[in-house]
Amino acid sequence: MNETTLTQMRTSAARMTALVQDIKEDQLDLPTPCSEYDVKGLLNHLEWGASLFESVSLGGEFVPPKAEYTGDLPERIERLLAVYEQPEAWQGESEAMGGLPKAVLANMALTDFVAHGWDLSKATGLEYEVDEETAAALLAFAEQTAPTARERGVFGAEVPVPDDAPTMDRFLGVIGRDPAWRP
């Protein structure tokens, strides 16, 4: 178990959950920086992602994407975090995810929390904060995994960001987000 990553997951999940709970019904159709999704579609994607990571981190099956937004993201995230409290969620590889190490899956879940939390914040104008340590860890993870993630359609094409830009902006650029995105 990686206590640092788990702490970052808890903190990022709490911040994203608070943001999600403040999203109003009339904001669900707003566009997001994640161009495939509006706010409602991105919330649905996050619900699916939480269930997927919950399943595969304990050796379960790949969970297919779900069709409808159900509004239970906070509960799904709580279940996911409870799974990552268990040492076996960090050990070995996930057959369902093509043999990826389970520790990599934890970093993928953290990337989802932060990247999509930022997406939702930009789309809705709601506050979302990422601490420097988490942003630095995600930047390092994204730089390491970007070629494979782009091949698999997980990250978009890199967006050029100055080397002296804030760490979070550089992370966003690596994963294909424009830090200056506006609706």
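Which residues line the largest cavity? Keep that in mind as you turn the model around; it is a predicted one, and here are some points to look at.

1. **The cavity.** The residues lining the largest cavity are Met16, Leu46, Gly49, Ala50, Phe53, Leu73, Ile77, Leu80, Asp112 and Phe113. The elements that each give two or more residues to this lining are α2, α3 and α4, and α2 gives the most, with 4 residues. The volume of the largest cavity is about 50 Å³, and the count of cavities of 30 Å³ or more comes to 1.

2. Sorted by kind, the lining of the largest cavity has 8 nonpolar residues, 1 polar and 1 charged.

3. Now turn to the largest pocket, which has a volume of about 870 Å³. It is lined by 33 residues, and those closest to its centre are Met108, Asp112, Gly153, Val154 and Phe155.

4. **Who builds the pocket.** At least two lining residues of the largest pocket come from each of α2 (39–57), β2 (100–101), α4 (102–124) and α5 (132–151). Helix α4 gives the most, with 6 residues. By kind, the lining of the largest pocket holds 18 nonpolar, 11 polar and 4 charged residues.

5. **Helix α1, a check on length.**

6. **Helix α1, its buried face.** The buried residues of α1 are Thr5, Leu6, Gln8, Met9, Ser12, Ala13, Met16, Thr17, Leu19 and Val20. Looking down the axis of α1, you find these buried residues within an arc of 160°, so they line one face of the helix. Their cover includes α2, α3 (73–84), α4 and α5.

7. **Trp181.** Is Trp181 buried or exposed? Trp181 has a relative accessible area of 18%, so it counts as buried, since buried means under 20%. Trp181 lies in the segment after α6 (167–175). Setting aside neighbours within four places in sequence, Trp181 is in contact with Pro31, Thr32, Pro33, Trp118, Lys122 and Ala123. Ala149 is 32 residues from Trp181 in sequence, and their C-alpha atoms are 21 Å apart in space.

Conventions
Residues numbered from 1 in each chain as written. Predicted model: local features only at pLDDT ≥ 70, side-chain atom pairs only at ≥ 80, totals over all residues. Heavy atoms only, no water. 1 Å grid on protein atoms, 1.4 Å probe; cavity = no way out; pocket = protein on both sides within 12 Å on 5 of 7 lines; lining within 4 Å. Points joined across faces, edges and corners; volume = space filled by probe spheres on them. Nonpolar A, V, L, I, M, F, W, Y, C, P; charged D, E, K, R; others polar. Buried < 20%, exposed > 50% of the residue type's maximum accessible area, 1.4 Å probe, protein only. Arc of directions from axis to C-beta. Contact = heavy atoms within 4.5 Å.
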